[in-house]
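The following note concerns the ligand sites of the model shown below. Please read the numbered points alongside the coordinates.

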Amino acid sequence: MFAAVGSAYAYKRTQKGLCVICYFGEGAASEGDAHAAFNFSATLECPIIFFCRNNGYAISTPTHEQYRGDGIAGRGPAYGILSIRVDGNDTLAVYNATKAARDIAVKENRPVLIEAMTYRIGHHSTSDDSSAYRSVDEVRFWDTTDHPISRLRKYMVSKDWWNDENEQAWKQKSKTKVGDLFMSFIIVN
Ligand SMILES: Cc1ncc(C[n+]2csc(CCOP(=O)(O)OP(=O)(O)O)c2C)c(N)n1
Ligand SMILES: [Mg+2]
């Protein structure tokens, strides 16, 4: 995160209208590096978007064991950083917040912090078995009621931008494409 602030500072000096976006997890926000990065970006007035994906866990550590404050966005004002918390499962809300943050970062040369609230449905990695520290019901709740892809799909269907036929055709096309690439990979190698 500190390197990202350094890059943003360089962008500010070259005045090319560029900004940096730095993606990180809520667990990473507990590192000392994150606090130094926030403070330097605010005091040096750097065009950077800090995009925190708060997915409820840092491997097996749930958020209620990670911090006692109200998440990550609440820390921003203390550093003098404009901050917003968004529903991370709402694709369009995330898009709009990021777009607005970019405008502010570039036009005003200042950092913006976005905290996107979501949930990690999968295990942390292939070597992690999350059933050891959370219930199957907890995971099922997020998988069935608030999945960002099915939410976006519902919205697109309601706007008449997408339907079952589109999906079937798209799946078939994708399968063929992946199959072709796979075959050319085997032939080349
Ligand atoms: C300095 C340091 N300490 C510990 C780790 C081990 N580690 C790897 S990923 C991770 C959890 C990260 O959680 P989070 O930032 O919430 O990201 P997520 O995996 O949820 O996207 C930890 C503790 C590390 N990579 N670096
Ligand atoms: Mg996390």
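1. An oxygen atom of ligand 1 lies 2.8 Å from a polar backbone atom of Ala-28; a polar contact is a pair of N or O atoms within 3.5 Å. Oxygen atoms of ligand 1 also approach N or O side-chain atoms of Arg-53, at 2.5 Å, and of Glu-26, at 3.0 Å. Of the 580 Å² of accessible area that ligand 1 has on its own, the protein covers 51% (Shrake-Rupley method, 1.4 Å probe).

2. This is a predicted model, in which local features need pLDDT of at least 70 and side-chain atom pairs pLDDT 80 or more, while totals for chains, interfaces and linings use all residues. Side-chain values use heavy atoms, without hydrogens or water, residues are numbered from 1 along each chain as its sequence is written, and chains are lettered from A and ligands numbered from 1 in the order written.

3. The residues around ligand 1, with a heavy atom within 4 Å, include Gly-25, Glu-31, Ile-59 and His-124.

4. Which residues coordinate the magnesium ion (ligand 2)? Glu-26 (OE), Asn-55 (OD1) and Tyr-57 (O) do, at 2.1 to 2.3 Å. Donors are N, O and S atoms within 2.8 Å of the metal (3.2 Å for Na, K and Ca); because water is not among the atoms, sites may look incomplete. The spacing of these donors along the chain is E-x28-N-x1-Y.

5. Glu-26 is buried, at 1% relative accessibility, and Tyr-57 is buried at 9% (buried means under 20% relative accessible area, with a 1.4 Å probe and protein chains only).

How values were computed. Buried means under 20% relative accessible area, exposed over 50%, partly exposed in between (1.4 Å probe, protein chains only). A polar contact is a pair of N or O atoms within 3.5 Å; within protein, one must be able to donate a hydrogen and the other to accept it, and residues adjacent in sequence count only if both atoms are side-chain atoms.
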